[in-house]
Every structure is written in C-alpha cells, then in structure tokens.
Amino acid sequence: MQVKDIYENALALNIAKTADDEELEFFGIKLFNILLSETKAYNDCIRIKKGMKQLEKAPTIISLEDEMPYETELYAPFSYGLASKLLAAQEEMTLASLYHNQYITLLDMATPYVPVEVC
C-alpha cells in the first residue's frame with residue numbers, strides 16, 4: 001500500500017475545510033513522518049511477534065507515492081492518526097480528539113503483547 005492510500009483515507013475522514021491540495025500534501029507528509037516516529041515501538045512489537053528484527057530507526061517518507069514502510073496491521077490506525085493531526089492543525093479539536101482516540105484504540109488492538117526484559 002502506498003502512503004497516498006492512507007493519506008486519501010485520512011482526507012475522507014477529514015470533513016473540515018482544507019487548505020489547497022499542494023499545501024495540504026506538504027503538511028500531510030510531515031505529519032505522516034511524525035506518525036512513523038510515534039509508532040515505531042508498535043511496529044517493532046508486531047515485527048518481533050512475526051519473528052522479524054526490529055527496525056534500527058523510524059523510517060521517513062518523502063512522497064505520497066512511497067510505500068508504507070510499516071506492517072499492514074498499522075494501516076488503519078495511521079488513517080485515523082493522520083486525520084486527527086490534519087484536523088488539529090485546522091483547529092477542529094472536537095473531531096481531532098475523536099479520531100485521536102480511535103487512532104490509539106486501533107494501535108492497541110493491532111499490537112500484540114510481546115514480553116521483554118526490563119533492566
């Protein structure tokens with residue numbers, strides 16, 4: 001799945017007035033990179049459960065045409081997370097808060113419990 005697909009899902013959830021397409025896309029990419037950083041630990045848990053190695057660092061995207069760099073379980077949470085951030089930037093805080101809660105709920109549902117040693 002391309003980042004563009006998740007971006008378009010977020011726009012479908014975003015019923016508020018938006019800036020012009022070019023400006024919105026610029027901020028969408030920046031906000032998507034913030035989501036990648038925020039959710040690295042969730043993605044690592046999914047990868048560990050699948051027997052894969054953790055990522056060394058959170059990836060970044062430079063274009064909406066890039067492939068989603070995380071596991072498929074995080075596609076739905078990302079749509080809500082991005083919609084939440086876009087709405088918050090437009091000061092639509094009620095709907096942004098609702099989508100943020102859905103984002104957190106979906107992250108928790110998508111992430112398996114992985115026991116780790118605590119230092």
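In the predicted model, Phe27 has a relative accessible area of 42% and is therefore partly exposed. Phe26, at 46% relative accessibility, likewise counts as partly exposed. The count of aromatic pairs comes to four. In one of them, the ring centres of Phe26 and Phe27 are 5.2 Å apart and the planes stand at 80°, so the pair is edge-to-face. Phe32 and Phe78 form another aromatic pair, with a centre-to-centre distance of 5.1 Å and an angle of 50° between the planes, which places the pair in the tilted class. Because Phe32 lies in helix α2 and Phe78 in helix α4, this pair ties together parts that are 46 residues apart in sequence. Phe32 is buried, its relative accessible area being 0%, and Phe78 is buried with a value of 0%. Ring pairs also bring in Tyr70, so that Phe32, Tyr70 and Phe78 are linked into a cluster.

Nonpolar side chains in soluble globular proteins tend to be buried together. Leaving aside residues up to four places away in sequence, Leu74 touches Thr39, Tyr42, Asn43, Ile46, Met68, Leu107 and Ala110.

Helix α1 spans residues 3–13, and its buried residues are Val3, Ile6, Tyr7, Ala10 and Leu13. Viewed down the axis of α1, these residues fall within an arc of 115°, so they line one face of the helix. Residues three or four places apart in an α-helix point the same way, because the helix has 3.6 residues a turn. The cover over the buried residues of α1 includes α2 (21–38), α4 and α5 (93–110).

The structure holds six salt bridges. One of them joins Glu65 to Lys4, with 3.8 Å between the closest N and O atoms. Glu65 is in the loop between α3 and α4 and Lys4 in helix α1, so this pair ties together parts that are 61 residues apart in sequence. Both partners are partly exposed: Glu65 has a relative accessibility of 45% and Lys4 one of 31%. Another salt bridge is formed by Lys40 and Asp44, whose closest N and O atoms are 2.4 Å apart. Lys40 and Asp44 both belong to helix α3 and are four residues apart, about one turn of the helix. Lys40 is buried at a relative accessible area of 16%, and Asp44 is buried at 5%.

Glu71 lies in the loop between α3 (40–49) and α4 (75–89). At 12% relative accessibility, Glu71 counts as buried because the cut-off for this class is under 20%. With residues up to four places away in sequence not counted, Glu71 touches Asn43, Ile46, Arg47, Lys50 and Met52. The side chains of Glu71 and Lys50 meet in a salt bridge with an N to O distance of 2.9 Å. Both residues of this pair lie in the loop between α3 and α4, 21 residues apart. Lys50 is partly exposed, with a relative accessible area of 42%. Glu71 and Lys50 are also part of a network of salt bridges that links them with Arg47 and Glu73.

Methods. Residues are numbered from 1 along each chain as its sequence is written. This is a predicted model: local features need pLDDT of at least 70, side-chain atom pairs count only at pLDDT 80 or more; totals for chains, interfaces and linings use all residues. Side-chain values use heavy atoms; hydrogens and water are left out. Helices (H or I, at least four residues) and strands (E, at least two) are DSSP runs, numbered from the N terminus. Buried means under 20% relative accessible area, exposed over 50%, partly exposed in between (1.4 Å probe, protein chains only). Contact means heavy atoms within 4.5 Å. The arc is that of the directions from the helix axis to the C-beta atoms. A salt bridge is a side-chain nitrogen of Lys or Arg within 4 Å of a carboxyl oxygen of Asp or Glu. Rings of Phe, Tyr and Trp (its six-membered ring) pair if their centres lie within 6.5 Å; planes under 30 degrees apart count as stacked, over 60 as edge-to-face and the rest as tilted.
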